[in-house]
Amino acid sequence: MADVDTGGRDRLALAVLVQYRMATTAQMHLILSPEVRIEQTRRRLAKLREEGLIDRITLPRAGRTRVWHPTPYGAQLAGEWPELRGRRPPRGAVDRTAVRLKAGHGLTVTETALAFLQDARRRGDVCRPLDWIPEIRHPLGGGEAVIPDALLYYQRRSADGANSANGAHRTTGTHDADGADGADGADGADDASETEETRGGVMLRAFVEVDRATMGPERLAAKLTAYARLHQYAPAPAARPRQQPFPEPAQESWRQRYPLFPRLLFVLDGTGPAGVTTRIHALRAAARGIALAGFLREVPVLAAPLADLLHHGPAAPVWHPVPGTDHGQRLGWMHTQNS
């Protein structure tokens, strides 16, 4: 029975499209099976399309690129799987018109995911396709929320320079079935100050914001304030009996998901070097605000052009620290403030 093909690759292909929202044929090939010929990936996608699980649109430009996305049936089926628990995409993710209108940003987010996946493979680290989770809603109260373009889970085999890292903790295990390392709160009891080296290496988490220069630099920089609010936000505790003399203090909501607050990465695209510099300056200007000082002391914030990630790899020193100076300092994304 060990040699029976149970459709594992088909299942992963559908799961990736449901979770990522969209991808080109080339992106799907590199995510799923870079070791085989791309014709095998094309046949797999065509079969899933025949079964009504996925569909495609053809972009009128860019060489008539085919963009794959899940169908309502495919999203419903995959949403019942343990690895996609709570990951059902919004309605627009399965609508052909919505996919076409969102293709620019959506494909750039998928390309960013691929940069981290390929880098992990080269380095011998662990970052599986479903360890990239787009658009997890983090409420701020009053109907407001922070929704990162993606949440990245990454297990680094080596602990070099990762001690006491924000968004990192030691681990001896692997992810839950949903690829989220207990994102629903299962790992919330880990000791945030744990620094012992263990067999599993270091688990890193990052909120990733992909900016294609479709909004002004000031609006991009305002996202720093939103994440600082999330870092501090603690919902009002439920009503307690009056006789309780010592009510428990309110706890920040993010602690229910993560043992440490994930680091924050801004990936910049859609503009030339001058535009990248302008946007980094805007982030650094916002970082000088007194209200952000506590957040920035505890959470690493970095920004890098997507072109540098694709050319050198995300682990290379291509990231500009925020806050920072204009003296040319560059870091790898796994850098910590204590190293």
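Is Glu135 buried, partly exposed or exposed? With a relative accessibility of 39%, Glu135 counts as partly exposed, because buried means under 20% relative accessible area, exposed means over 50%, and partly exposed is in between (1.4 Å probe, protein chains only).

Before we go on, a word about the model. It is a predicted one, where local features need pLDDT of at least 70 and side-chain atom pairs count only at pLDDT 80 or more, while totals for chains, interfaces and linings use all residues. Residues are numbered from 1 along each chain as its sequence is written, and side-chain values use heavy atoms, with hydrogens and water left out.

**The whole chain**

The protein chain has nine helices and twelve strands. These are DSSP runs numbered from the N terminus: helices are H or I with at least four residues, strands are E with at least two. Of its 339 residues, 50% count as buried. Take the contacts (heavy atoms within 4.5 Å) between residues at least 6 apart in sequence: 68% of them join residues at least 24 apart.

**The largest pocket**

The largest pocket holds about 280 Å³ of space. Here a pocket is an open set of points on a 1 Å grid over the protein atoms alone, where a 1.4 Å probe fits, with protein on both sides within 12 Å along at least five of seven lines; lining residues have an atom within 4 Å of a point. The volume is the space filled by probe spheres set on the points, and grid points are joined across faces, edges and corners. There are 15 lining residues, and the closest to the centre are Arg21, Lys102, His105, Gly106 and Glu135. Helix 5 (residues 96-123) gives the most to this lining, with six residues.

Most residues other than glycine have a negative phi, and most peptide bonds are trans. Arg21, though not a glycine, has a positive phi of about 85 degrees. Arg21 is in the loop between helix 1 (8-20) and strand 1 (23-24). Glu135 is not a glycine either, yet has a positive phi of about 55 degrees, and sits in the loop between strand 4 (132-133) and strand 5. A cis peptide bond, with omega about 0 degrees, joins Val322 and Pro323; Pro323 is in the segment after strand 12.

**Residues side by side**

| Residue | Relative accessibility | Class |
|---|---|---|
| Thr41 | 3% | buried |
| Leu140 | 7% | buried |
| Arg21 | 11% | buried |
| His281 | 36% | partly exposed |

Thr41 lies in helix 3 (residues 38-50). Leaving aside neighbours within four places in sequence, Thr41 is in contact with Thr25, Met28, His29 and Ser33.

Leu140 belongs to strand 5 (residues 138-141). Not counting residues up to four places away in sequence, Leu140 touches Ala145, Val146, Ala226, Arg229, Leu230 and Tyr233. Leu140 and Leu230 are 90 residues apart along the chain, but their C-alpha atoms are separated by 6.3 Å.

His281 is part of helix 7. The buried residues of helix 7 include Gly275, Val276, Arg279 and Ile280.
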